[in-house]
Amino acid sequence: MVSPTDFKTLWQMVCEAPNHRSPFSIHGPDHWQRVLRNGRILATRSGANLEIVQLFALFHDSKRLHDGWDPGHGKRGAEYAATLRGTWLHLSDDDFEVLRYACEWHTDGHHHDDPTIGTCWDADRLDLIRCGTVPEAEYMSTAFGREIADHGSIDPWLHMAGEISL
Ligand SMILES: [Fe+2]
Ligand SMILES: [Fe+2]
């Protein structure tokens, strides 16, 4: 379990680590924060493990080398997270495996029935709007993700994200 204070410090540390460009690049920390927000909203209904969803937001694109086609970046993000186990991350083996899978396959995996993995992927895909792509319900794994995609915007649900103090 990562305390809110530790999560904030961890977030800062990963943001300052090498291998992403500006905070506002399309796959940089600005995007991670929206994935965090989306994940928090989705998790209110999806039954996801919120801690894993929050760590996915932080790590899934953390080891991108650039904003182009960058195969393996999710796997590298998971490997980076693995190096922080026992110090910053205190997930059980089973929970870490969920995080690892969600990170490694977030680009290639299409849908997943596991509520946590599905929530991670939907949270990421709901931010496709930043690239001018309106997320489509058929690419969502969770019922809530499909509902938001059908609406065309997550805006009506933003109040559910709680206070994001990162
Ligand atoms: Fe990615
Ligand atoms: Fe992403």
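Analyst: Among contacts between residues at least 6 apart in sequence, 60% join residues at least 24 apart. Please keep in mind that this is a predicted model. The elements being brought together are 7 helices, with 0 strands. With 166 residues, a compact globule would have a radius of gyration near 15 Å, and the chain's 14 Å agrees with that. The C-alpha trace spans about 40 × 30 × 30 Å along its principal axes, and 48% of the residues count as buried.

Now to the core itself. The largest nonpolar core has 44 residues, and L10, F59, L89 and L99 have the most contacts inside it. Two or more residues come from each of α1 (4-16), α2 (29-46), α3 (50-59), α4 (73-83), α5 (93-104), α6 (115-125) and α7 (143-151). The largest share, 7 residues, is given by α3.

Leaving aside residues up to four places away in sequence, L89 touches L10, L55, F59, A81, L84, F96 and L99. Its partners L10, F59 and L99 are themselves listed with L89 as having the most contacts inside the core.

On the α5 side, V98, Y101 and A102 meet T116, I117, C120 and W121 of α6. By class, this contact has 6 nonpolar residues, 1 polar residue and no charged ones.

Notes. Residues are numbered from 1 along each chain as its sequence is written. Chains are lettered from A and ligands numbered from 1 in the order in which they are written. This is a predicted model: local features need pLDDT of at least 70, side-chain atom pairs count only at pLDDT 80 or more; totals for chains, interfaces and linings use all residues. Side-chain values use heavy atoms; hydrogens and water are left out. A nonpolar core is a set of buried Ala, Val, Leu, Ile, Met, Phe, Trp, Tyr and Cys residues joined through side-chain atoms within 4.5 Å. Buried means under 20% relative accessible area, exposed over 50%, partly exposed in between (1.4 Å probe, protein chains only). Helices (H or I, at least four residues) and strands (E, at least two) are DSSP runs, numbered from the N terminus. Contact means heavy atoms within 4.5 Å. Ala, Val, Leu, Ile, Met, Phe, Trp, Tyr, Cys and Pro count as nonpolar, Asp, Glu, Lys and Arg as charged, and the others, Gly among them, as polar. The radius of gyration is taken over C-alpha atoms; the globule rule is 2.2 Å times the number of residues to the power 0.38.
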